[in-house]
Amino acid sequence: MKKVTLLLSLIGNLVLFLALKVAKERNDAFERQIIAADEKAELTRNYQEVG
């Protein structure tokens, strides 16, 4: 019985780890999109000020 509980616990921890890894990757991608949008907006402002 203890082996089954241990196995289920390990599987649960693995699923949790994978879910957190996916969430972190999505968050990192979202942050990169925000940074890119900020840079694009700044370039647009600079171009409008010059032009």
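Q: Is Ile11 buried, partly exposed or exposed, and why?
A: In this predicted model, Ile11 counts as partly exposed because its relative accessibility is 45%. The range for that label lies between 20% and 50%.

Q: Which helix is Ile11 in?
A: Ile11 sits in helix α1, which covers residues 2–50.

Q: New topic. How many salt bridges does the count come to?
A: The count comes to one salt bridge. The side chains of Lys24 and Asp28 meet there, at 2.8 Å from N to O.

Q: Why can side chains pair like that?
A: Side chains of opposite charge can pair when their charged atoms come close.

Q: Where do Lys24 and Asp28 lie?
A: Both are in helix α1, four residues apart, or about one turn of the helix.

Q: And is Lys24 buried or exposed?
A: Lys24 is exposed, because its relative accessible area is 52% and the cut-off for exposed is over 50%.

Q: What about Asp28, what does that residue count as?
A: Asp28 has 25% relative accessibility, so Asp28 counts as partly exposed.

Q: Now Ala37. Where is its place?
A: Ala37 is in helix α1. Ala37 counts as partly exposed, at 45% relative accessibility.

Q: How many residues apart are Ala37 and Lys21 in sequence, and what is the distance in space?
A: Ala37 and Lys21 are 16 residues apart in sequence. In space, the two are 24 Å apart, C-alpha to C-alpha.

How values were computed
Residues are numbered from 1 along each chain as its sequence is written. This is a predicted model: local features need pLDDT of at least 70, side-chain atom pairs count only at pLDDT 80 or more; totals for chains, interfaces and linings use all residues. Side-chain values use heavy atoms; hydrogens and water are left out. Helices (H or I, at least four residues) and strands (E, at least two) are DSSP runs, numbered from the N terminus. Buried means under 20% relative accessible area, exposed over 50%, partly exposed in between (1.4 Å probe, protein chains only). A salt bridge is a side-chain nitrogen of Lys or Arg within 4 Å of a carboxyl oxygen of Asp or Glu.
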